[in-house]
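Reader: I would like to go through this entry with you, beginning with the strands and then moving to the ligand and the domains. Could you start with the term we shall need for the strands?

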Amino acid sequence: MSENKKRVAIVGYGGMGSWHARHILASDVCELAGIWDIKPERRALAESNGIHVYSSLNDLLADKSIEIVTIAVPNECHMPIALEAMDSGKNVVCEKPVTLNHEELEKIIDKSKSTGKLFSVHQNRRWDCDYLIMKDLYASGKLGEVFSIESRYHGSRGIPGDWRAKKEHGGGMMLDWGVHLIDQILGIACDRKIEKIYCRCDHITNDEVDDGFKLEIYFNGGFTAHVEVGTSNFISMPRFFMAGRLGAAMIEDWKSDCRVVLCDEWDEKDVKPVVTAAGLTKTMAPRDENTTTEFVIPRPASDVHNFYRNICRAIDGKEEQLIKNNEVLRVMLVMEAAFRSDELCAVVDFEDIV
Ligand SMILES: NC(=O)c1ccc[n+]([C@@H]2O[C@H](COP(=O)([O-])OP(=O)(O)OC[C@H]3O[C@@H](n4cnc5c(N)ncnc54)[C@H](O)[C@@H]3O)[C@@H](O)[C@H]2O)c1
């Protein structure tokens with residue numbers, strides 16, 4: 001046991017719980033006390049990896065050396081475990097989506113206030129390089145007035161067949177991936193208020209929950225975000241596209257740099273028309289490259305260890321919590337409005353909370 005490191009215990013040792021375990025084992029600010037999982041085979045796996053296994057959730061929560069409990073179980077179990085952990089005097093890190101609805105999240109926020117324990121959500125995709133580039137570019141004003149952004153994740157294997165395919169467990173792609181993409185959009189357009197929302201959910205491989213969706217978020221000032229997740233797409237569309245009055249930027253996929261084209265000269269003389277089989281067009285003809293400047297923004301360095309570093313410093317009162325609960329609540333309200341819009345097949349008003 002190290003004196004300077006905070007001890008963390010993980011509830012749920014599945015895909016993400018084991019990621020947290022590996023991550024905490026490599027951390028400079030916290031150390032792994034152990035795990036609890038309801039499945040014997042996951043407990044056996046943890047033991048075979050040299051990790052202490054508690055005999056029950058109660059046993060874990062009774063360990064006074066633990067300061068942080070990380071919750072990495074299916075979504076419907078987040079709230080009861082978070083409430084119990086805070087009642088037991090633990091600070092809590094919870095996986096996304098934090099809860100199934102905003103009422104559950106409000107109960108957690110109230111509990112955090114009444115116990116004085118920190119509660120934060122692992123919105124780890126705030127450390128994604130593509131997001132960091134877009135956030136920075138939007139804030140820089142280099143593209144002039146930005147009027148739209150598009151953010152997409154596309155896969156081609158349908159929705160996973162585990163709990164993610166079931167409504168009772170909080171399955172579906174909106175809660176699984178939408179939560180990340182919406183959180184990122186609200187982080188990029190942090191100077192704007194949401195006015196309206198429109199969403200259509202897909203049910204290509206699954207009737208019970210959405211296996212993809214197309215969401216429009218209409219912000220004040222005429223700025224629109226298109227957020228899209230697809231799980232039956234054999235050709236992926238670009239990960240990010242942003243358009244401003246003076247230029248555009250695009251990131252193709254997870255690993256690419258960002259391509260930026262800036263307009264140097266709006267008025268182009270002698271536009272060469274594109275001739276198509278059905279006629280010709282000057283409006284849609286490519287620009288003469290002398291009227292634009294093109295460059296690449298390389299992927300920045302990003303260290304997701306800063307998540308737990310921030311949690312530890314926030315517990316000690318040395319830093320503000322980075323992933324704020326009102327931000328997570330706002331994302332939850334957007335997802336609820338999206339589901340409402342899908343049900344009504346209509347644009348819905350959004351009462352923003354910022
Ligand atoms: N932030 C990310 O990038 C990211 C990525 C994947 C998953 N997640 C989130 O992590 C959570 C877990 O997802 P996963 O992919 O690891 O799922 P998983 O099915 O791989 O693992 C879940 C584990 O929780 C255990 N479990 C279920 N109920 C439990 C309970 N009441 N008490 C103790 N253990 C319990 C299961 O036995 C299983 O081992 C979900 O909320 C998911 O959305 C986040």
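Author: Two strands count as paired if DSSP finds at least two bridges between them. Please note that the model is a predicted one.

Reader: Which residue in β12 is the bridge partner of I251?

Author: The partner of I251 is C258. The strands concerned are β11 (residues 247–251) and β12 (residues 258–263), which pair in the antiparallel sense over 5 bridges.

Reader: How many residues lie between β11 and β12 in the hairpin?

Author: The hairpin of β11 and β12 has 6 residues between them.

Reader: And which residue of β15 stands opposite C258?

Author: In β15, I297 stands opposite C258. Strand β15 covers residues 292–297, and its pairing with β12 is antiparallel, with 6 bridges.

Reader: Turning to the ligand, how many residues surround it?

Author: There are 23 residues around the ligand, and the closest are G12, G14, G15, M16 and E95.

Reader: Which helix gives the most to that shell?

Author: Helix α1, residues 15–25, gives the most, contributing 3 residues.

Reader: What is the make-up of the shell by class?

Author: The shell comprises 9 nonpolar, 7 polar and 7 charged residues.

Reader: Now the domains. Where do their bounds fall?

Author: The domain assignment places domain 1 at 6–122 and domain 2 at 126–301 + 333–349. Domain 1 supplies 8 residues to the contact and domain 2 supplies 9.

Reader: What classes are found on the side of domain 1 that touches domain 2?

Author: That side of domain 1 has 3 nonpolar, 3 polar and 2 charged residues.

Reader: How far apart are the C-alpha centres of the two domains?

Author: The C-alpha centres of domain 1 and domain 2 are 33 Å apart.

Notes. Residues numbered from 1 in each chain as written. Predicted model: local features only at pLDDT ≥ 70, side-chain atom pairs only at ≥ 80, totals over all residues. Domains from an automatic or database assignment. Contact = placed C-beta atoms within 7 Å. Nonpolar A, V, L, I, M, F, W, Y, C, P; charged D, E, K, R; others polar. Near = placed C-beta within 6 Å. Helix = DSSP H or I, 4+ residues; strand = E, 2+ residues; numbered from the N terminus.
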